Amino acid sequence: MKSSISKMLSEVSEDRKLNKFPEPYKIEITPYKKMDFCENTYKFCKTENNLSNLFNICKIIVVGDVSVGKTCIINRFSQKLFDTNYKSTIGVDFEVEKFEILNLTYNMQIWDTAGQERFKCIAQSYYRGAHGILIVFDLTDMNTLNNCKTWLREAVDACTTTTPFIFLVGTKKDLIKKYAYKNLEQTVSKIAKSINAEYWAVSSKTGQNISDLFFRVAALTFDNTIEKEMTKPDICKEIGNDIISFKKNKKKEQQLTKCSGIKCHKF
Ligand SMILES: Nc1nc2c(ncn2[C@@H]2O[C@H](COP(=O)(O)OP(=O)(O)OP(=O)(O)O)[C@@H](O)[C@H]2O)c(=O)[nH]1
């Protein structure tokens, strides 16, 4: 947690800067067909905007069976590390990754959940408000793929306040032979389409597609959040239990309204 906070305060490294909309892994296996940021997003990012820090965070949850490689994906991306020793996640773990998208800082909270059944209840309490769900399976174990629908149902049921982007992520690509992978991809494609998810095949051991996946997640959630907020009459933001609302039309003095529980006051 300490390192996550210091990361949020630190400078964005060069390899986390994004100015071009990243492509999906396979255009035919994604429901998200857009190939560029929205016009509103470009406009918002170009204007000198003191509201920009209101949209600078997204929450991503990573779910899937035991030992499919959830922690390894996150460690490979955040620390460029791969550990062959398996240490099961207890409950949930938390990481923050900092990006710069179209010159705005963007923080991604990544919630690594335990695959073990006994921790499900704890993990589910962290799903609320997620902007993205990574459902992870092991490309060498069909059972883990078959369980993805259950993971998705449970995650979506708990995400009552948001409509998250869904990614179906197959791991351990380094362990599967080319011809076997080709056959498998047809099955995965059907499942991905049936759950309306974007598919990625990755390897935490070699690093294949790991960064591309997280950049894609960052770009989609960033663009969607700004687009949604820009089309609202007023910009509202949930901070803890409070709703902070900014009136967009007031130029000089922004009217800030804070509503907490039943009481509502202006300041
Ligand atoms: N060869 C190979 N092994 C991997 C890869 N990803 C993960 N592993 C191995 O798979 C095992 C489990 O990885 P974890 O990332 O700990 O799995 P997890 O899904 O977080 O497991 P839980 O926390 O118990 O739910 C470890 O021994 C890893 O070294 C990969 O891309 N390639």
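Visitor: Which residues point one way from E5 and which the other way, and are they buried or exposed?

Guide: In this predicted model, Gly 132, Leu 134, Val 136 and Asp 138 point one way from E5, Ile 133, Ile 135 and Phe 137 point the other way, and all are buried.

Visitor: What makes strand E5 count as mostly covered?

Guide: The strand spans residues 132-138, and seven of its seven residues are buried, where buried requires 20 or more other C-beta atoms within 10 Å of the residue's own.

Visitor: How do you know that E5 is paired with strands E2 and E6?

Guide: A pair needs at least two bridges between the strands. Strand E2 (residues 57-64) and E5 are joined in the parallel sense over five bridges, with Gly 64 standing opposite Val 136 in E5. Seven bridges join E5 to strand E6 (residues 165-171), again running parallel, and there the bridge partner of Ile 133 is Ile 166.

Visitor: Why is Glu 97 called buried?

Guide: Glu 97 has 21 C-beta neighbours inside 10 Å, and the cut-off for a buried residue is 20 or more, so Glu 97 counts as buried. Glu 97 is found in strand E3 (residues 92-101), and, leaving aside neighbours within four places in sequence, Glu 97 is in contact with Phe 77, Ser 78, Met 108, Ile 110 and Phe 214.

Visitor: What makes helix H3 mostly covered, and against which elements do its buried residues pack?

Guide: Seven of the ten residues of H3 are buried, namely Lys 70, Thr 71, Cys 72, Ile 73, Ile 74, Arg 76 and Phe 77. The buried residues of H3 pack against E2, E3, E4, E5, E6 and helix H8 (210-230). The helix is followed by Lys 80, whose phi is positive, near 55°.

Visitor: Which helix gives the most to the shell around the ligand, and which residues come nearest?

Guide: Helix H3 (residues 70-79) gives the most, with three residues. Of the 22 residues around the ligand, Gly 69, Thr 71, Cys 72, Thr 89 and Gly 115 come nearest. The shell divides into six nonpolar, eleven polar and five charged residues, with Gly counted among the polar ones.

Visitor: How confident is the predictor in the protein chain and in the complex?

Guide: The protein chain averages a pLDDT of 83, and 79% of the residues score at least 70. Among the elements of the chain, strand E7 (residues 198-201) has the highest mean pLDDT (98) and strand E11 (residues 263-266) the lowest (28). Over residues 249-267 the pLDDT is below 50, although this stretch has 19 contacts in the model beyond near neighbours in sequence. Where pLDDT is low, the predicted coordinates should not be read in detail. For the complex, the predictor gives an ipTM of 0.99 and a pTM of 0.85.

Key: Residues are numbered from 1 along each chain as its sequence is written. This is a predicted model: local features need pLDDT of at least 70, side-chain atom pairs count only at pLDDT 80 or more; totals for chains, interfaces and linings use all residues. A residue is near a molecule or strand if its C-beta atom, placed from the backbone, lies within 6 Å of it. Helices (H or I, at least four residues) and strands (E, at least two) are DSSP runs, numbered from the N terminus. A residue is buried if 20 or more other C-beta atoms lie within 10 Å of its own, exposed if 12 or fewer, and partly exposed in between; C-beta atoms are placed from the backbone. Two residues are in contact if their C-beta atoms, placed from the backbone, lie within 7 Å. pLDDT is the predictor's confidence in each residue, from 0 to 100.
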